Amino acid sequence: MPGRTPVEESMTAITKQISEIYLLIRPLLTGKIVSTLLIYGILPILFFLSLFVGRYEVPPSHVVQILAAPLINLLPDQVMHIEPGWTAAEQNVIYLIRLPRVIAAVLVGAGLAIAGAAYQGLFKNPLVSPDILGVSSGAGFGAALAILLSQGSFIIQVSAFCFGILAVTITYLLSRFYRTTPSLILVLSGIIVGAFFTALISLTKYVADPYEKLPAITFWLMGSLASVRYTDILLIAPPLLGAAVVLILIRWRINLLAVGDDEARALGIDTKRMSQVIILCSTLITAGAVCIAGIIGWVGLVVPHLGRMLVGPDYKKLMPVAFLLGASYMLIIDDIARNLTSAEIPLGILTAIIGAPFFAYLLSKRSVGWT
Amino acid sequence: MILEVANAGYTYPRGPEIFSNISFSLAEHEVLCILGPNGIGKSTLIRCLANLYRLRSGSIRLLGTEMAVLPQVEIAKKIGYVPQAHEIIFPFSVMEFVLMGRAPHLPAFSSPGREDYKKADQMIDLVGIGKIADKPVNEISGGEYQLAMIARALTQEPAILLLDEPTSHLDFGNQIRVLEIIDQLADSGISVVMSSHFPDHAFLTSNNVAIMQYGSFMAYGLAEEVVTAENLKRTYGVDVSITYSHDVARHVCVPHKAGSCRCGGMEHLQCIGHPSVIASSGR
């Protein structure tokens, strides 16, 4: 080209090179790898960060040492050894208070999210949450009743779990009794049973001693992970994780239910059996979550939507992502609950105060596929 | 015979009888078209053939075996069912949607693998919707959705395809496209049962035609024998002409409408003195 110096020409060549390289790596930056790293990396990061924060101040270096010591001290002393440079109180805060609480948040958040996702597919309705069949109201009544009868925390949990399952059983039997459009009548039966148990909760509150038991019931129902211990986790982890594994194993087939019952049957699916399995698993998960954390709404509704925005509606990808995002969401909420003010903020309040505007924002993005 | 239906009857639970005494059989390569007025039970019959509803009387034999004793998975490996279009809530991509057809061939805890994707791809290409494979099924046109459902049924690798009014809700071009694909499938060895609202479609694709009326097959046989002016008058209550068209070398079915031609005898010799033209000119 006339009038161009060799310097100019080499500059354009370099610019061209750079833009070509950029075009090559752009898909890596914007595409799958980054979003995959984000989705899969965020949970472990949040998990460890959550151990660092709390009202009782533990220096970050101590947290690292406390966490690393048991592992490193397994090695022979000559290789590496950590001398305790921290106080016993600090160690107790990390291992007996924060760690069980963080594990519980992961279990509850992940469980509620995949239970919600599975129900949304089963009922072909994106507005369904895990308590649609009355499990939360039932469990809430079970806990309120146990508190009214002055029982200890173990009995409160068992009572909550059993009444949660009882409520869904009644819902299911009621829907069998009517024998019409299966999923619609199930939802209606769930509303009936939910209303009934909600009324029973109010009755328990009404007759409870207003100075001790009424506040205890009210706080329990608002949800908290503050008092979670390892024994609680050992109690609920097996049913919760077992049910979660089953839901994740059958996840691709939930797609077929989400399209339509008739079509699923024409494709060889035993839809009745499959909906029983989904209802059983989701109920175990939700009842387990309620009995250690109280009633926590919104996670099971919002997180599956967030997952669909990231990976689409295919349950093959959606379920693992909902599991991870649900756990991460719950960790963030619980971190806020225990750090924002000097008093604990109940989880049920935070999930909705943060969840509702977030959900409104998601819907406005219009990338969910409806609205 | 691939499918043998003998004296089939169906009654809704605690409801009225829909049909009874229906018998027919289906051979390889055969296309059976079921005509009949709205609400007569065509869809119900097709659902019975897909084993979604249980017959009240009679029997259906699939490749010689009584269908009532077969597990649904085995039926799904032989019969592909294409229902009438309905709304899908979740925005599955066309590819994800078509892949669902692999379900009867996959164990309960697994999901589709490379081979399954390949089969779904083939069928998407076969029905000619490759360009929209990544689009959500709730954003494509009615015709594309119908084709996607056919592709999904084909990934089941069935011997029989059941189509419930595959051409309703489609524009003229898409109707013919769907019928052409049904023709191709029949040539490749698949047997087809379809219901339709258009008697003319019976001439386009079918070997056999059944007219459903008064709770049974009022007429059943070759298209040319069954789709007659008299039968259609009894079924739909309208006058039609069945004539042989030399332009397209087949029978065509056209409804009468008095005075439809506006030439008044200037253009067509046949219009001069035609009773319907005379009758309408007096209006």
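**Figure 1. B:Ile40 and the residues it touches.** Once neighbours within four places in sequence are set aside, B:Ile40 is in contact with B:Met212 and B:Gln213 in this predicted model. B:Ile40 itself sits in a loop of chain B, between strand S3 (31–35) and helix H1 (42–49). Is B:Ile40 buried or exposed? B:Ile40 counts as buried because it has 22 C-beta neighbours inside 10 Å, and the cut-off for that label is 20 or more. For a sense of distance, take B:His201: it is 161 residues from B:Ile40 in sequence, and the two C-alpha atoms are 19 Å apart in space.

**Figure 2. An open sheet in chain B.** Here we're looking at four strands of chain B in the order S2-S1-S4-S5, with antiparallel pairing. Which strands stand at the edges? Those are strand S2 (17–26) and strand S5 (65–66) of chain B; each has a single partner strand, so one side of each has no neighbour in the sheet. As a reminder, strands of a sheet pair through backbone hydrogen bonds, either parallel or antiparallel. Zoom in on strand S4 (residues 57–62) of chain B and you'll find that S4(B) and S5(B) pair in the antiparallel sense over two bridges. In one of the bridges, B:Arg61 has B:Glu66 of S5(B) as its partner.

**Figure 3. Helix H13 of chain A.** Helix H13 of chain A covers residues 299–311, so to speak a run of 13 residues. From first C-alpha to last, H13(A) reaches 18 Å, close to the 18 Å expected at 1.5 Å a residue. How many of the residues of H13(A) are buried? The count is 11 of its 13 residues, so to say the helix is mostly covered. Among the buried ones are A:Val299, A:Leu301, A:Val302, A:Val303 and A:Leu306, and the list also includes A:Gly300, A:Pro304, A:His305 and A:Arg308.

**Figure 4. Where chain A meets chain B.** The contact draws 26 residues from chain A and 25 residues from chain B. On the chain A side, the elements that give two or more residues are helix H10 (251–259) and helix H11 (261–266). H10(A) has the largest share of that side, with six residues. Sorted by class, the side of chain A that touches chain B has 12 nonpolar, six polar and eight charged residues.

**Figure 5. The two chains, for context.** Chain A comes out with 15 helices and zero strands, while chain B has 10 helices and 12 strands. The C-alpha atoms of chain A fill a box of roughly 90 × 65 × 40 Å along the principal axes; for chain B the box is roughly 75 × 45 × 35 Å. Of the 371 residues of chain A, 44% count as buried, and of the 283 residues of chain B, 40% do. Looking at contacts in chain A between residues at least 6 apart in sequence, 76% join residues at least 24 apart. In chain B, residues 24 or more positions apart account for 63% of the contacts with a separation of 6 or more.

**Figure 6. Confidence in the model.** The model scores ipTM 0.87 and pTM 0.87. Chain B averages a pLDDT of 88, and 94% of its residues score at least 70. Where pLDDT is low, the predicted coordinates should not be read in detail.

Key: Residues are numbered from 1 along each chain as its sequence is written. Chains are lettered from A and ligands numbered from 1 in the order in which they are written. This is a predicted model: local features need pLDDT of at least 70, side-chain atom pairs count only at pLDDT 80 or more; totals for chains, interfaces and linings use all residues. Two residues are in contact if their C-beta atoms, placed from the backbone, lie within 7 Å. Ala, Val, Leu, Ile, Met, Phe, Trp, Tyr, Cys and Pro count as nonpolar, Asp, Glu, Lys and Arg as charged, and the others, Gly among them, as polar. A residue is buried if 20 or more other C-beta atoms lie within 10 Å of its own, exposed if 12 or fewer, and partly exposed in between; C-beta atoms are placed from the backbone. The expected span of a helix is 1.5 Å times one less than its number of residues. pLDDT is the predictor's confidence in each residue, from 0 to 100. Two strands pair if DSSP finds at least two bridges between them.
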